[in-house]
Amino acid sequence: MQGIAPPATARPCPSCEGRGATRIAAYSRDEWHIVACDACGFVYLANPVGYADLREALAWEKSYALKARKGGSSPLSGLNRRLRRALGHRGGERGTRVWTRAFASGAVLDIGCGEFLRPPEPMVPYGIELSNALHARVDPLMRARGGYCLKAPGAEGIWQFEPEFFTGVIMSSYLEHEVEPARVLEGAHRALMPGGKVFVRVPNYGSLNRRVMGARWCGFRYPDHVNYFTSATLRTMAAMAGFSMQIVNRANLWIDDNIQALLIKA
Ligand SMILES: [Zn+2]
């Protein structure tokens, strides 16, 4: 770390709204400043781009293609895959299996739903998507199942649904992109019925791989990842929104590049 102040246009801490932050030089790149909040330790991009630019220039489908070309794994990723297999986990299926079991039947909302996850019947799929192209693809699929997809930023769209409307909310590879993560969690708490759950999957800034790989860790993406959660900072933000939290991949969390968690509304 280095005691250089983030730029004047920097946003406050997305978790505690503190204004003091210390730039992490090793993880900052070009004009993008990664900082740690002086008050609560939350790590975030101090100067994210606006929603309008995200909608087109940084749409998920483009940045995903970029990431796929760049790679960014390490020997630890291989070890983690073997550990996951030993624990009975199977790759990308796991997240879907977690929420299909955890959610009660009813209206299920996927925020950042570009890839339609097809919640099983009788769940009714709803979504919020910022990218024009992805919204156009997913909305008809959801309407055919009785739901629909709202074209909006997640932190705005979530407030447009009725209170206690959903049984479950999916935030898979979404919260790390959201410039207002606390607001979207508060909105999800309002939009969920009592006992409802949020499934969260975010890059794990607390992973051993990040410490080993440093700036080459696969979780760093400039500037489309704007929040870098550990299990502790995710738990804190979830608690402020009224949720308790269960880590899904607790056994191998220390070596996993992602955190998977269920947030539960009492
Ligand atoms: Zn903070």
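Predicted model: local features only at pLDDT ≥ 70, side-chain atom pairs only at ≥ 80, totals over all residues.
Me: How many helices and strands are there in the protein, and what makes a run count as one?
Reply: The protein has 9 helices and 11 strands. Numbering starts from 1 along each chain as its sequence is written.

Me: What makes β4 and β5 a pair?
Reply: Two strands pair if DSSP finds at least two bridges between them. β4 (residues 107–111) and β5 (residues 124–129) have 5 bridges, in the parallel sense. Asp-110 has Gly-127 in β5 as a bridge partner.

Me: Which strands pair with β7, and over how many bridges?
Reply: β4 pairs with β7 over 3 bridges, parallel. Leu-109 is bridged to Val-169 there. β8 (residues 192–203) runs parallel to β7 and is joined to it by 6 bridges. Met-171 has Val-200 in β8 as its partner.

Me: What is the strand order in the open sheet?
Reply: The sheet has 7 strands in the order β6-β5-β4-β7-β8-β11-β10, with mixed pairing.

Me: Why are β6 and β10 called edge strands?
Reply: β6 (149–151) and β10 (243–247) each have a single partner strand, so one side of each is left without a neighbour in the sheet. The twist from one strand to the next averages 20 degrees.

Me: How do you know that β7 is largely enclosed?
Reply: A residue is buried if 20 or more other C-beta atoms, placed from the backbone, lie within 10 Å of its own; 12 or fewer makes it exposed, and in between is partly exposed. In β7 (residues 166–172), 7 of the 7 residues are buried, so the rest of the structure largely encloses this strand. Across the 266 residues of the protein, 43% count as buried.

Me: What makes the β7, α7 and β8 unit right-handed?
Reply: A crossover is right-handed if, with the strands pointing away from the viewer, the path from the first strand over the helix to the second runs clockwise. The β-α-β unit of β7, helix α7 (residues 181–191) and β8 is right-handed.

Me: Which residues have the most contacts inside the largest nonpolar core?
Reply: They are Tyr-44, Ile-111, Val-169, Met-171 and Val-200, in a core of 61 residues. Such a core is a set of buried Ala, Val, Leu, Ile, Met, Phe, Trp, Tyr and Cys residues joined through C-beta atoms within 7 Å. β8 gives the most to this core, with 5 residues.

Me: Which peptide bonds are cis?
Reply: One joins Glu-121 and Pro-122, with omega about 5 degrees. Another joins Tyr-222 and Pro-223, with omega about -5 degrees. Pro-122 is in the loop between β4 and β5.

How values were computed: Helix = DSSP H or I, 4+ residues; strand = E, 2+ residues; numbered from the N terminus. Axes fitted to C-alpha atoms, helices over the stretch in contact; angles between N-to-C directions.
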